[in-house]
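The following note sets out comments on the model under review. The points are numbered so that each can be checked against the coordinates.

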Amino acid sequence: MADGPAPKRGISRRGFLGAGVAVGVGAGAVALGGAKFLGTAQPGKVLASRRPLPKAFERPLRLPPVLKPTRTDATTDYYEITQKAADLDILPGATTTAWTYGGSFPGPTIVSRSGRRTVVRHKNELPRPVVVHLHGGHTPHDSDGYPGDEILPAGGKPTMVMGGHPMPGKPVLGGRDYTYPMNQRAATLWYHDHRMGFTGASVWRGLAGFHLVHDDEEERLPLPRGDRDLPLMIADRSFEADGSFRYPSLDRTLEHMPGVHAAHMNGVLGDVVLVNGVPWPVHPVERLRYRLRLLNASNARNYRIALDPPPPGGKAMVQIGSDGGLLAAPIAHDGIDAAPAERFDVIVDFARYRPGTRVRLVNLLGDGRTREIMAFDVSPSARAPKDDTAVPAKLSDLPLHDPAKAAVTRTFLLQKKSGGWRINGHEYEPGRPLARPKLGQLEIWRFVTDFHHPIHLHLDAFQVVSRNRRELGPSDHGWKDTMDLRPAEAAEVAVRFTDYPGAFVFHCHNLEHEDMAMMADFTTE
Amino acid sequence: MMRRPPKRWPVILFRVAAVLQALLVLLQAVLAGRFLSGGYGALSMHSANAMFTATVGLLTIAAAVLVWRPGGGPAKLIGPSVAMVVLETVQITLGFGRVLALHVPLGTALLVGAATLVRLGMGLPTSAEDEAPVAGERVEESV
């Protein structure tokens, strides 16, 4: 082309190419800035501990005690838990005063049978109101832990919403019976505090525990059980110099003003990773299959959980279950992305490792010390014991929702606005439902996000239909009650609310987002 | 050095294609903004419009070639038109891959590129509208 003199005016081809080169150079510079910038930024900000961090892989893993029923009858098992402060041995050289379910962190594990009612009486001997939510439970309104249904301590006053008026609900003094019909599949559930505006602080102080449900379908499968079925509650925490939990509450008394300081409003990250309340524990394993029930009980930290070293051939973790129980078929993963409150039941076959290998459970999204979670020491014995377990190719008959049959589609925008976290522009206002789903009716709920928001629905599990109008992500399979949306994502889930009319909540499970108003009521009718 | 202005029809074709491409690129930004405001459907429209934009980009390349042969005009439109489609392909890949840290700045660069193609197209003389080849040549040289 262009045999004429050099262009002098406007944007010439040379100018265009120059711009192209500039963009290329810019992109190159950005690329040199690291995959960190190009990748998705993770939520939250680390709150540094004020004492030296404990060493990794020194303390043995503990399993939370399994709670015994106080009595049972033909239909129901009755349990009792007293919520109280307790001095825990988490760190060397200091005790940590925690808020606990029955004196331990995690609280005692409750084990239910599908179809058999479980009643848990919670007594509150803590200095502040509490609310118990069974996360993943298919639970009537009265026992679901609606924010206004507080258990007040002796002489305590209910938590007021901003503006100083009381919440709708039925606060009770001293104790409350939570009745769980347990008409639901076998699954890894957990219970935790759900107090309005103070959930983040209360859970950080220790109010969380496992609640496992078993059923016949699961029992028929030749999966690892007993001491080879390990519930692992992964939670990051920070500590003060005296060993107490460090948390950036606006109101240290946890009485009036909810939320955290502005610097941490996108989430509080700890610099110590606890598994079942033990910092970076180590656990000996035989060269056999184990079932790990991974629960991310962190307030805001995302994990990409992997085994290091990976076994020969990779795909170390075979997922058999998600939030709502067994998958239809196992899915083999190299790593598992777990947002707060998500659960993944995985089978790891330690026979794939050489005897004596130390296998670390790592978080590929972590930095420095938070890159490690725990370690498994594979038995040094040269001969692997005989393994009578297996992972069947088919796990469960999973009925699939047909999104085409949905009667209603609702869209929810999860977004920061004017210093608060909001859903469809509203800060949480108890008693003001954003949706009134009809019981038994299939609905599509769409979520659109600005930042990371692990969205959690109470009452019923859902199935992810699409992520960004495309196929499901690796963490989206099976029955879910919490799904992670990354920044600027859009997802559709199919959900059918059933059985129980009344007010329930759905919210972001980044607990700092939740406490700073990213929650809404929905009322089933 | 003296050259006849290119035929009118390929130049018009190029102008139409370039303007359409620029409008579609602008629409991409509008749809992205709409999606980020919670417009769920805007995301799939953004995705469909990306394909449409690249298709119009290919049309622009074809028009740029026609301006050169048989149009008798300069070949200088071809390079930038091809560059646009290459960058649009990269942009689509980045978008589906959610590499937003590059997707957003490349989006703004594409808007500049699309506007540049329009300016190049508008700066071309055509034989039908310009009876004075010398004057036309002068304009061409100074573009």
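**Comments on the predicted model**

1. Strand 13 (residues 229-237) of chain A runs antiparallel to strand 15 of chain A, and 4 bridges join the two. Within this pairing, A:R237 has A:V272 of strand 15 as its bridge partner. It should be kept in mind throughout that the model is predicted.

2. Strand 15 of chain A comprises residues 272-275 and is covered on both faces. A:V272 and A:L274 lie on one side, A:V273 and A:V275 on the other, and all four are buried.

3. The hairpin formed by strands 15 and 16 of chain A has 2 residues between the strands, and A:N276 takes a positive phi near 50°.

4. The domain assignment divides chain A into domain 1 (71-214), domain 2 (228-378) and domain 3 (403-524). The C-alpha centres of domain 2 and domain 3 of chain A are 24 Å apart. Contacts between these two domains involve 25 residues of domain 2 of chain A and 20 residues of domain 3 of chain A.

5. Which elements give two or more residues to the side of domain 2 of chain A that touches domain 3 of chain A? They are strand 20 (317-322), strand 21 (325-333) and strand 22 (335-338) of chain A. Strand 21 of chain A gives the most to this side, with 4 residues. By class, the side of domain 2 of chain A that touches domain 3 of chain A has 11 nonpolar, 11 polar and 3 charged residues.

6. A further sheet of chain A is open and consists of 5 strands in the order 28-35-34-30-32, with mixed pairing. Its edge strands are strand 28 (433-435) and strand 32 (482-485) of chain A, each of which pairs on one side only. On average, neighbouring strands of this sheet are turned by 35° against each other, direction ignored. Strand 30 (residues 453-457) of chain A pairs with strand 32 of chain A in the antiparallel sense over 4 bridges. In strand 32 of chain A, A:L485 stands opposite A:H453.

7. Chain B has 5 helices and 0 strands. Of its 143 residues, 40% count as buried. Among contacts in chain B between residues at least 6 apart in sequence, 70% join residues at least 24 apart.

8. Not counting residues up to four places away in sequence, B:S127 touches B:R4, B:P5, B:P6, B:K7 and B:R8. B:S127 and B:P70 are 57 residues apart in sequence, with a C-alpha to C-alpha distance of 13 Å.

Definitions and conventions
Residues are numbered from 1 along each chain as its sequence is written. Chains are lettered from A and ligands numbered from 1 in the order in which they are written. This is a predicted model: local features need pLDDT of at least 70, side-chain atom pairs count only at pLDDT 80 or more; totals for chains, interfaces and linings use all residues. A residue is buried if 20 or more other C-beta atoms lie within 10 Å of its own, exposed if 12 or fewer, and partly exposed in between; C-beta atoms are placed from the backbone. Two residues are in contact if their C-beta atoms, placed from the backbone, lie within 7 Å. Domain bounds come from an automatic or database domain assignment. Ala, Val, Leu, Ile, Met, Phe, Trp, Tyr, Cys and Pro count as nonpolar, Asp, Glu, Lys and Arg as charged, and the others, Gly among them, as polar. Two strands pair if DSSP finds at least two bridges between them. Axes are lines fitted to C-alpha atoms, for helices over the stretch in contact, and angles run from 0 to 180 degrees between N-to-C directions.
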